[in-house]
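Let's take a walk through this structure together, strand by strand and ring by ring. Have the sequence and the 3D view at hand.

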Amino acid sequence: MRNKRRPLTVLAAITIGLFAIASAAPVTGATLPPTLERDTMQLTDTPGNWFRSEATGSPVTTLALGGRVDFVVGDFTETRHTATLLIKPTTSQLQVDQDAAWRGGGASATFDAPGVYLFVCKVHPYMTGVVAVEDAAGNVPPVTSGALPFLSHLGAASLPAASVLSVLPMIAPTEAEKRQKWDIQAAADELVPQVPGIGEVWVDTQFEAVPGQTGEHGDEKPGSITVVDAASSRVEREINGLDPQAKGRWNNPHNMWADVREDTVYNANWFGRWANKIDRATGDVVESMEVGQAPTHFVSDPNEHSAHFETLSLPLSAGNNILSVLDSGGFDIADSSPTGEGRNHPHGQWITSDGAQTVVPNMFKGMGTAGSISILDTETNEVLKEIKAPAVQLPVAAGIKGKTKAYVANIGSGQVSVVDLASGTLTKNIPVTLTPDCQSGAQFGLTDTLQAPIQTPVSPDGRFVGVAVMSLTTVARPCTGSADHVAVIDTLTDTVVARVGVGRAGHSAGTHGANWQPKLGGGYYLAVANQHSNVMTTVDPDPNSDGNAVDAAVVGRTILGSGASATDGTGGQGIKPLPNVYDGWVQDTVALAGTLNPEVDGWIAQLTSCQRDPSASACN
Ligand SMILES: [Cu+2]
C-alpha cells in the first residue's frame with residue numbers, strides 16, 4: 001500500500017506545506033503583498049524571480065480588479081522573451097501573448113476578473129510570473145479546477161491562491177523559498193553507483209549564484225559548470241564566468257558539446273548572446289563570442305568524410321535561425337539560416353549518425369504555443385521538411401536513433417513526437433507526463449499535469465530513449481514517489497516502459513537534462529541534470545541487463561554543491577558526459593586513440609568493443 005497514497009493525502013500535504021510556509025518568516029510567494037492599481041514586471045535573468053514586480057521585488061504581485069501590469073524586457077536581461085498568459089480565471093476574457101520574442105516595453109495586461117493569472121515566457125517556459133487580482137471585498141478567489149485541471153486530479157474543486165503558489169518551484173525568489181521548494185540535498189544523501197561510469201560528466205549548473213559574476217549592466221548573472229569524475233562520482237572542478245575570457249559573456253550557461261579529441265568543450269548561454277570555448281583539461285575559458293539571441297545547444301557534424309566534419313550547429317531560440325560555427329583555432333560563424341517558414345524560435349537540435357540530417361524543434365511559430373519540427377540538410381541548412389501537428393506544442397529538444405527515427409519532446413502537449421526520417425513524417429506521439437493521480441494520455445495537457453518533457457536522448461545502442469520530465473510543482477506522484485521523473489521509451493515498441501521518480505517527495509528536482517554515458521564493462525547510464533536541485537542523478541535503464549527497461553532505476557546521486565547557498569550546484573540543464581559515446585561520434589574519437597590527451601586515451605581504453613562502435617551488428 002505504501003505507493004498508493006490517495007489524492008486527498010497529497011492535498012493534505014499541500015495544505016500542511018502552506019501552513020509551514022505561513023508560520024515561517026515572511027515569504028513573498030505565500031504572503032501576498034498589498035493591493036495596487038498598477039505595477040510593472042521586469043523580465044530578468046534571475047532564477048526564481050524571472051518576472052520581477054517593481055512593487056514587490058518578487059514574481060508575485062496583487063492588484064485591484066481593473067488593475068494593469070506592464071511587462072518590460074529591458075536592462076535586467078540580456079536577451080529577448082515573451083510574456084504569455086497561460087492560466088487565468090474561467091471568468092476572464094484576457095489574452096496576453098506575442099508572436100515573437102522581443103525587447104523593450106509594449107506588452108501589458110488589464111485584469112478583468114478576480115483570481116490568479118500565471119504568465120510564462122515561450123522561449124524559456126519556466127520563467128514564470130503571477131498576478132493575483134482581488135475581488136471587491138479585497139479577497140483573491142481560490143483557483144478552480146476549471147482554470148487549472150491539475151487540481152481536479154488532486155480531488156479538489158478549488159484551492160486557495162496561496163496554496164497553489166506554495167507548490168510552484170519557479171516562484172522562488174528568496175533563499176528561504178528555494179530551500180522550501182527545491183530539492184537541496186546534503187552530502188549524506190550521496191549514492192555512488194556500484195558499477196562506475198567512465199570519463200567525466202559536465203553539468204551546466206545554470207542557477208548557481210556566483211558573486212561578482214556580472215553582466216553588461218553590472219548586475220549579477222547566474223551559472224557555473226560543474227564537472228564530475230564518473231569513476232568516483234565526485235565533483236572534480238567548477239568553471240564560472242569570472243574567467244577573464246568569459247567576463248560579461250556568461251549568463252545562464254545552458255548546454256555543451258565537445259570536439260572529437262575531447263580537448264574542447266563548447267558552451268552556450270541561454271539568457272545571453274554568447275558562446276564560450278573551454279579547455280577541457282584545465283577548465284580555462286579560452287574564447288567567448290557574441291553569436292545572437294538566446295543560443296541553446298551545440299551539436300557537431302559527425303561525418304568524418306565531409307569538409308563539414310565538426311562544424312557546430314547552434315540554434316538561436318529568441319530568433320529564427322540556426323548557426324554553423326567553425327572552430328579552426330578560433331570561433332567563426334560560417335552560416336546563419338532560418339529553420340522554417342516565418343518565425344521559428346529553434347531550440348535543442350540533434351544530428352543523424354551519418355551527419356546528413358539535422359532535426360530542429362521550432363518552439364513556437366507565432367501567437368499561441370504551436371511549433372514545428374524541421375528536418376534540415378546539415379551541410380546546407382536547407383529546410384527539407386517542416387512538420388506541424390496538434391501535438392507539436394512548444395517542442396524543445398530532439399534525440400535521434402541512428403539515422404532513422406527522431407524523438408522530439410513537446411512541453412505544451414506532454415508528448416514525445418516520433419518522426420520517421422526516411423519519409424519525413426510524424427508517425428506517433430507518446431505521452432510521457434503524469435497527472436498528480438498518475439494518469440497519462442494525450443488528453444492530459446500541460447494544465448492537467450504541470451509537467452514538461454525536456455531532453456530526449458536516444459541511447460547509443462538505439463535501445464532506449466531517456467526523457468527528462470520536469471515538474472512545475474512540488475507535488476509527488478504516488479506511482480513514482482516524486483514530482484519529477486525520467487520516462488524510459490523502448491524504441492522497439494515506442495512505448496513508455498518505465499517511469500523513474502527523481503528527487504525527494506514534497507520538493508521539485510526540476511528534471512531537465514539527460515544524456516547517455518558509458519558504464520564500465522558495457523552498457524550505458526542516463527546522466528540526469530535537475531534544475532531545482534543540487535543533485536546529478538544517474539539512472540540505469542536496465543540494471544539486470546536483460547534488454548528490458550521495466551527495472552530502470554536511480555543508481556546514483558552526486559551532490560553538486562556544498563549547500564553553502566540554496567543555489568550552490570543547482571540549475572542542472574545541459575549535461576555532457578565525456579567521452580561522447582553516441583553512434584556516429586564515438587567511432588571518430590576511437591579512431592584517434594593513441595594520439596589523444598592521455599586522460600582521454602585512458603577513457604577510450606576502458607570502452608568495450610560495442611561502446612567503441614555501437615552500430616556494429618553484434619551490438620544492437
Ligand atoms: Cu525567456
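Strand E4 (residues 84-87) pairs with E6 in the antiparallel sense, over three bridges. Strands here are DSSP runs of at least two residues, and helices (H or I) are runs of at least four, all numbered from the N terminus; two strands pair if DSSP finds at least two bridges between them. Within this pairing, Thr84 stands opposite Val120 in E6. E6 is also joined to strand E7 (residues 128-134), by six bridges and again antiparallel, and here Phe119 has Gly129 in E7 as its bridge partner. Strand E6 itself, residues 115-120, is mostly covered, with six of its six residues buried. Buried stands for under 20% relative accessible area, exposed for over 50%, and partly exposed for what lies in between (1.4 Å probe, protein chains only).

Before going further, please keep in mind that this is a predicted model, in which local features need pLDDT of at least 70 and side-chain atom pairs count only at pLDDT 80 or more, while totals for chains, interfaces and linings use all residues. Residues are numbered from 1 along each chain as its sequence is written, and side-chain values use heavy atoms, with hydrogens and water left out.

Now to the metal. Which residues coordinate the copper ion? They are His81 through ND1, Cys121 through SG, His124 through ND1 and Met127 through SD, at 1.8 to 2.7 Å. Donors are N, O and S atoms within 2.8 Å of the metal (3.2 Å for Na, K and Ca), and since water is not among the atoms, sites may look incomplete. Along the chain, the copper donors follow the spacing H-x39-C-x2-H-x2-M. The angles among the four donor atoms run from 84 to 125°, and the site is irregular. The rule is this: four donors count as tetrahedral if all angles lie between 85 and 135 degrees; four count as square planar and six as octahedral if opposite donors are over 155 degrees apart and all others between 65 and 115; anything else is irregular. Cys121 counts as buried because its relative accessibility is 0%, and His124 is buried as well, with a relative accessible area of 0%.

Next, look at an open sheet of four strands in the order E13-E14-E15-E16, paired antiparallel. E13 and E16 stand at its edges with a single partner strand each, so one side of each is left without a neighbour in the sheet. On average, neighbouring strands of this sheet are turned by 20° against each other, direction ignored; the axes are lines fitted to C-alpha atoms (for helices over the stretch in contact), and angles run from 0 to 180 degrees between N-to-C directions. Inside the sheet, five bridges connect E14 to strand E15 (residues 274-279) in the antiparallel sense, and Asn267 has Asn276 in E15 as its bridge partner.

Aromatic rings come next. The rings of Phe, Tyr and Trp (its six-membered ring) pair if their centres lie within 6.5 Å; planes under 30 degrees apart count as stacked, over 60 as edge-to-face and the rest as tilted. By this rule there are 18 aromatic pairs. One of them is the edge-to-face pair of Trp257 and Trp350, 5.6 Å centre to centre with 80° between the planes. This pair links distant parts of the chain, with Trp257 in strand E13 (residues 253-258) and Trp350 in strand E21 (residues 350-351), 93 residues apart. Trp257 counts as buried at 2% relative accessibility, and Trp350 counts as buried at 8%. Tyr266 and Phe298 form a tilted pair, because their ring centres are 5.7 Å apart and their planes are at 55°. Tyr266 lies in strand E14 (residues 264-269) and Phe298 in the loop between strand E16 (285-290) and strand E17 (299-300), so the pair ties together parts that are 32 residues apart in sequence. Both Tyr266 and Phe298 are buried. Ring pairs also link Trp50, Tyr126, Trp182, Phe207, Trp270 and Phe271 into a cluster.

The charged end of Lys576 is over the ring of Trp257, 3.6 Å from its centre, and Arg52 lies over the face of Phe76, 4.6 Å from the ring centre. Such a contact requires NZ of Lys or CZ of Arg within 6 Å of the ring centre and within 35 degrees of the ring normal.
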